[in-house]
Amino acid sequence: VDILFVIAGYSISLSLEKIKSNNLFGFISSFYLNGIKNFIPSLAFFTLITSLLISFFSQKNEISLITGITSLFGFSNIYMWRKGINFFDMGIILNPFSHTWGISILAQFFAIYPIYLWYSGFKKKKKNNYNNLNISVFCLVLISLLYFIYFFKSNQTFSFYVMPTRLWEIGIGCLTFSAIKDKNTITKYLQRISPFLPLSIIIFLFFSIKSFSLFATITTVILSSLLFFTFTEGKVFFNFLTSKKLVYLGSISFQIYLWTWGIFTISR
């Protein structure tokens with residue numbers, strides 16, 4: 001999910017740049033309508049079918065059902081935090097909607113970021129506006145990261161579930177998009193790195209011990225950002241990721257993400 005947040009920050013910046021409207025209403029409505037069309041029907045269908053299915057196997061579904069309902073409004077992460085639900089407890093594997101906390105964080109970010117971008121002058125495409133935007137996003141990333149580090153030890157449930165302590169991961173994705181678009185000297189240097197180097201380190205970090213998890217999380221996010229710089233045309237990894245089968249898999253990845261956990265939970 002940490003990697004997903006970086007990808008989301010990059011992709012939202014890319015999609016917002018492609019919107020051609022010259023007024024605030026047209027800009028944000030185009031983005032919101034596109035998001036609703038791509039995500040809400042899939043999430044609603046998953047929630048409805050899964051809610052019906054789990055009712056056949058268990059009578060104690062109140063927490064699961066409320067998690068599913070709140071996910072439709074982008075607040076399942078808040079509900080799980082307020083209920084003090086530890087995502088790594090064994091009981092979580094019987095809640096088919098527990099994975100929607102990440103979707104809710106993204107929904108909350110997506111609701112705010114387009115408006116923030118508009119008033120930053122992002123659509124005017126002037127260099128000063130880009131610089132001011134990058135500086136402000138960097139400051140938000142830094143504050144969010146400090147919050148994450150502080151609450152990681154004192155209140156892990158809070159640091160795990162809420163948007164302010166996850167903003168830094170999405171923000172790094174946004175800054176990555178801006179840096180690649182800028183094509184400065186540092187960007188060109190990073191593009192020379194083989195993607196297999198950061199990717200192999202990320203895979204290694206997946207197997208790190210629990211006491212190492214704070215460092216592993218921060219490092220994984222930074223390396224995920226670095227991966228974007230290494231995806232340049234002509235490289236083997238770029239050709240692999242842009243193959244038709246992989247692109248199709250990416251286009252249905254949201255549905256796969258939803259249903260994999262739901263099916264696993266029902267089978268348990």
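**Rings, charges and a pocket**

Okay, let's start with Arg82: its charged end sits over the ring of Trp81, 5.7 Å from the centre. By "over" I mean CZ of Arg, or NZ of Lys, within 6 Å of the ring centre and within 35 degrees of the ring normal. Arg166 does this with Phe160, lying over the face at 4.9 Å from the ring centre.

Quick caveats: this is a predicted model, with local features needing pLDDT of at least 70, side-chain atom pairs 80 or more, and totals for chains, interfaces and linings using all residues. Numbering runs from 1 along each chain as its sequence is written, and side-chain values use heavy atoms, with hydrogens and water left out.

Now, ring pairs. Phe, Tyr and Trp rings (six-membered ring for Trp) pair if their centres lie within 6.5 Å; under 30 degrees between planes is stacked, over 60 edge-to-face, the rest tilted. That gives 30 aromatic pairs. One of them is Tyr113 with Tyr116, stacked at 6.3 Å centre to centre and 25° between the planes. They're three residues apart in helix α5 (residues 100-120), so about one helical turn separates them; helices here are DSSP runs of H or I, at least four residues, numbered from the N terminus. Ring pairs also link Tyr10, Phe177, Phe196, Phe228, Phe231, Phe237 and Phe240 into a cluster.

Back to Phe160 and Arg166: both are among the residues closest to the centre of the second largest pocket, along with Asp2, Phe88 and Thr217. Which helices each supply at least two lining residues? That's α1 (2-18), α6 (127-154), α7 (156-161), α11 (213-230) and α14 (253-267). A pocket is an open set of points on a 1 Å grid over the protein atoms alone, where a 1.4 Å probe fits, with protein on both sides within 12 Å along at least five of seven lines; lining residues have an atom within 4 Å of a point.
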